[in-house]
Amino acid sequence: MKMEGETVDNKQVIFKGFIDRIPRETDMELKIGKIELKAPKGSGAFLVKNLYLSCDPYMRGRMREYYDSYIPPFVPGQAIQGFGVSKVVDSDDPDFKPGDLVSGLTGWEEFSLMRKHEQLRRIQQDDIPLSYHVGLLGMAGFTAYAGFYEVCSPEIGENVFVSAASGAVGQLVGQLAKLHGCYVVGSAGTSQKVDILKNKLGFDQAFNYKEEPDLNAALKRYFPEGIDIYFDNVGGDMLEAALLNMRIHGRIAVCGMVSSSSLSVSKGIHNLFSLIAKRIRMQGFLQSDYLHLYPRFFENVVSNYKQGKIVYIEDMSEGLESAPAALVGLFSGKNVGRSTGAVVEPL
């Protein structure tokens, strides 16, 4: 049991330097720093013990030296940042007390001093697993909810296609679409993931895109009448094929571009004429644009989860040592479901 005010080791995952490619484990290193288990008086900050950390594809964008984005890059030589679930150890902020559980942006380290409180949420403990607050009830889950309902504007009976469908976002998009009364097909990169989509997550159909020599033909096979909604997590060839298979007045929610090997040297997209011919609406979005809807999302998803109408799959890695490999694994498809790291050392 560590005592307040004690100086202890603070294991950290440090970002080594900017890249413009798929991340590698060697882009990060594990270091041991020191931290006092006390929030400085007059700072308005509070100290937390990080319990769960989230691995997300957007973090790759923060590894390049690019400042004209919605979130600044990581700082070389400092701990990587990400969404996490944390427990307050000491506080100089009257709104947060020792023992409180919070979710929001934190450091990839055992202990973090929280000075900025934007998008921080206090967690009320119930029978929902704590780790779900960086997955199902965190940024990934809310991205699925906002993208599906606000960007895609679904109607009962529509045909929905989800790429990277077994990932942190895609798995919930598909389940929300089924609950809404839609026909849902997902794509994934292994037969194991295809099996999970159909037999655990309730998708009507699913396919392994790596086994399809012609993605256009594959989509025509699963959507003979065309696609009303495409929730795009990958971009690239799949987006080009989807554009050819959209129905008139179809909607495409552009959530991710995980297929791109470089974010700076981008390739053009073919088949954009379909946007005109079929009057398609294609829109990029960020979950942070819809934060006013979070209470409605939370109530909806928690209710459906407790009724057994939504399931959520996590890919859990234990210990900060495993975090770099977990992040890198996102881009080779190693994870099944939401990739989360547990920082398991007790206080």
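Predicted model: local features only at pLDDT ≥ 70, side-chain atom pairs only at ≥ 80, totals over all residues.
**Exercise 1.** Find how many cavities of 30 Å³ or more the structure holds, and describe which residues line the largest cavity.

*Solution.* Rolling a probe the size of a water molecule over the atoms shows where empty space is left. Sorting the lining by class gives 3 nonpolar, 7 polar and 1 charged residues. Finally, we ask which strands take part, and find that β4 (81-91) and β5 (101-107) each supply at least two residues of this lining.

**Exercise 2.** Determine at what angle helix α1 and helix α7 pack, and name the residues that make the contact.

*Solution.* Helix α1 spans residues 139-151 and helix α7 spans residues 294-306; their axes are 10 Å apart and meet at an angle of about 105 degrees. Because angles of 65 to 115 degrees count as roughly perpendicular, α1 is roughly perpendicular to α7. From α1 the contact uses G141, F142, Y145 and E150, while α7 contributes Y294, R296, F297 and N300. By class, the residues of this contact are 4 nonpolar, 2 polar and 2 charged.

**Exercise 3.** State how the protein is divided into domains, and how far apart the C-alpha centres of domain 1 and domain 2 lie.

*Solution.* Domain 1 is made of two stretches, 7-135 and 312-343, whereas domain 2 covers 142-288. The C-alpha centres of the two domains are 29 Å apart.

Notes
Residues numbered from 1 in each chain as written. Heavy atoms only, no water. 1 Å grid on protein atoms, 1.4 Å probe; cavity = no way out; pocket = protein on both sides within 12 Å on 5 of 7 lines; lining within 4 Å. Points joined across faces, edges and corners; volume = space filled by probe spheres on them. Helix = DSSP H or I, 4+ residues; strand = E, 2+ residues; numbered from the N terminus. Nonpolar A, V, L, I, M, F, W, Y, C, P; charged D, E, K, R; others polar. Axes fitted to C-alpha atoms, helices over the stretch in contact; angles between N-to-C directions. Parallel < 35°, antiparallel > 145°, perpendicular 65-115°, else oblique. Contact = heavy atoms within 4.5 Å. Domains from an automatic or database assignment.
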